[in-house]
Amino acid sequence: MPKRLIQKIKGLITGNSKPAYVRREIPRGEHHFPEEDIGRSVLSVLDTLTKAGYEAYLVGGSIRDGLIGMHPKDFDVATSATPEEIRGLFRNCRLIGRRFRLAHVRFGRDVIEVATFRASHQNVTEDDSDDSHQTDEGLLLRDNVFGTLDEDAVRRDFTANALYYRHTDGAILDFVNGYDDIRHKRLRLIGEPEQRYREDPVRMLRAVRFAAKLDFQLDPATAAPIPKLADLLGVIPPARLFEEFLKMFLSGHAEPVWPLLNQNKLTRWLFPGAAPENNTTPAADAMIQLALRNTDLRIADGKPVTPYFLLAVLLWGPLQRQWATYCADGIPVAPALQKAIQQVIHDQSRHISIPKRFSLPMREIWELQVRLGQRSGRRCEQTIQHPRFRAAYDLLLLREEAGELPKGLGDWWTQYQEADAAGREELCQNLGQKPQKKRRRYNNRRNRRPNSGAG
Ligand code: ATP
Ligand code: MG
């Protein structure tokens, strides 16, 4: 008998099919949700739906963030209208998603996500099978069974994410004790944790991401099954994991995410080569931590950040190991590097797929680590003009700061960038090197150690 059916029967026998939560309303005036932050376009979506006779609420991250004093960044709407009904009400509306169908309503540059209330899959009939698709292991492949407001609340992931704001009177509706959990800075899964992770293993990553972002404690029952279930992430398409990677590492809270991923044995699925259990070096770990801190600082300062730089750092340790192995096998240094790059990208893409527009620059940053060590005048000018020079130089500085390389080369390149033409020539001459006419041939230098960068 399928596991899901067994679960359902057990639930019916024990009466546990629905957790016992109490509905609560927190009226305007008793909560501190910053209503003034709600944009006009969001209000207009809520208004249009309500006037057409549907229920409509703000839900999810915006309420949670607003209640803890963070300015909500995007607003999600939950409604009793079906996707087709939503489309009928808005001209600028597109239905998206197959696993989870929802509407995107566009107002200028704003896109508001409008989702129909969902129900649990426990009472699904044959007729619904097009909308509900769950494997025997419990994985939800399709989550389009529509339901009521209270059913929608309990199918959400965390209690803190399941609060609804009613714009008509400013009340917050709570079905799962989320309001108190937020006040106590507690992140708790709704329902039975293992079952909820099996339905969607990405919830394990969301747990870690929200705990880091909000500085919340993971509730012990929510945290307990994660290390044991971490490998379930293997059923998630690598492209979806790339999206999650961006949210975890490029939303301004990457530094606290990393130790949580490690403690919960999640790194070994996301970035196996950088997971502490896979013999990483202290320098490689330090580099990652420094890079994550820098990334968060840049985001806090409103500066741009790129996924390829972080990926180049996260995979630098595995790349070095692979490179050294190929060199030890007798492959000359330069082809060994190329082969190692290919291997590392290939291995990684079974876990998190890296789009070409990011893997190409990542590759260039790595290749430039060799060129940064070659400081004859002509080569230096070519290197500094390379579009990825700046990122490669940043990686070099990180390697030095993390103790992988002795300090020196990074400083030299700092001076080189700041110098005029005469200064640059002098810097090269001081190394006792003359500009080179011919390209050096690597192929003759078998078995050299992978570039230490110290040139
Ligand atoms: P943020 O936008 O800050 O990342 P969020 O909580 O708004 O956080 P979204 O991914 O935008 O996260 O999702 C909106 C809401 O949809 C969540 O708050 C949660 O209620 C629900 N949700 C999202 N993903 C899942 C999931 N995998 N399982 C159950 N509910 C989910
Ligand atoms: Mg959101």
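Which of the 16 residues around ligand 1 come nearest? Some notes on that and on the rest of this predicted model follow.

1. On the opening question: Arg64, Arg156, Asp200, Arg203 and Arg209 are the ones that come nearest, out of a shell of 16 residues around ligand 1.

2. Where does ligand 1 sit? The spot is the largest pocket. Helix α8 makes the largest contribution, with 5 residues of the shell.

3. Now the polar contacts, starting with the arginines. Arginine 64 places a polar side-chain atom 2.9 Å from an oxygen atom of ligand 1. For arginine 209 the figure is also 2.9 Å, again from a polar side-chain atom to an oxygen atom of the ligand. Aspartate 76 has a side-chain N or O atom 3.3 Å from an oxygen atom of ligand 1. As for cover, ligand 1 on its own would expose 580 Å², and the protein buries 84% of that.

4. Side chains of opposite charge can pair when their charged atoms come close. The structure holds 27 salt bridges. One of them joins arginine 24 to aspartate 180, with 3.4 Å between the closest N and O atoms. This pair ties together distant parts of the chain, 156 residues apart: arginine 24 belongs to strand β1 (residues 24-26), while aspartate 180 belongs to helix α6 (residues 178-183).

How values were computed: Residues numbered from 1 in each chain as written. Chains lettered and ligands numbered in written order. Predicted model: local features only at pLDDT ≥ 70, side-chain atom pairs only at ≥ 80, totals over all residues. Heavy atoms only, no water. Near = heavy atom within 4 Å. Polar contact = N/O pair within 3.5 Å; in protein donor to acceptor, adjacent residues only side chain to side chain. Areas by Shrake-Rupley, 256 points an atom, 1.4 Å probe, with all protein chains shown as cover. 1 Å grid on protein atoms, 1.4 Å probe; cavity = no way out; pocket = protein on both sides within 12 Å on 5 of 7 lines; lining within 4 Å. Sits in = over half its atoms within 2 Å of the grid points. Helix = DSSP H or I, 4+ residues; strand = E, 2+ residues; numbered from the N terminus. Salt bridge = Lys/Arg side-chain N within 4 Å of Asp/Glu carboxyl O.
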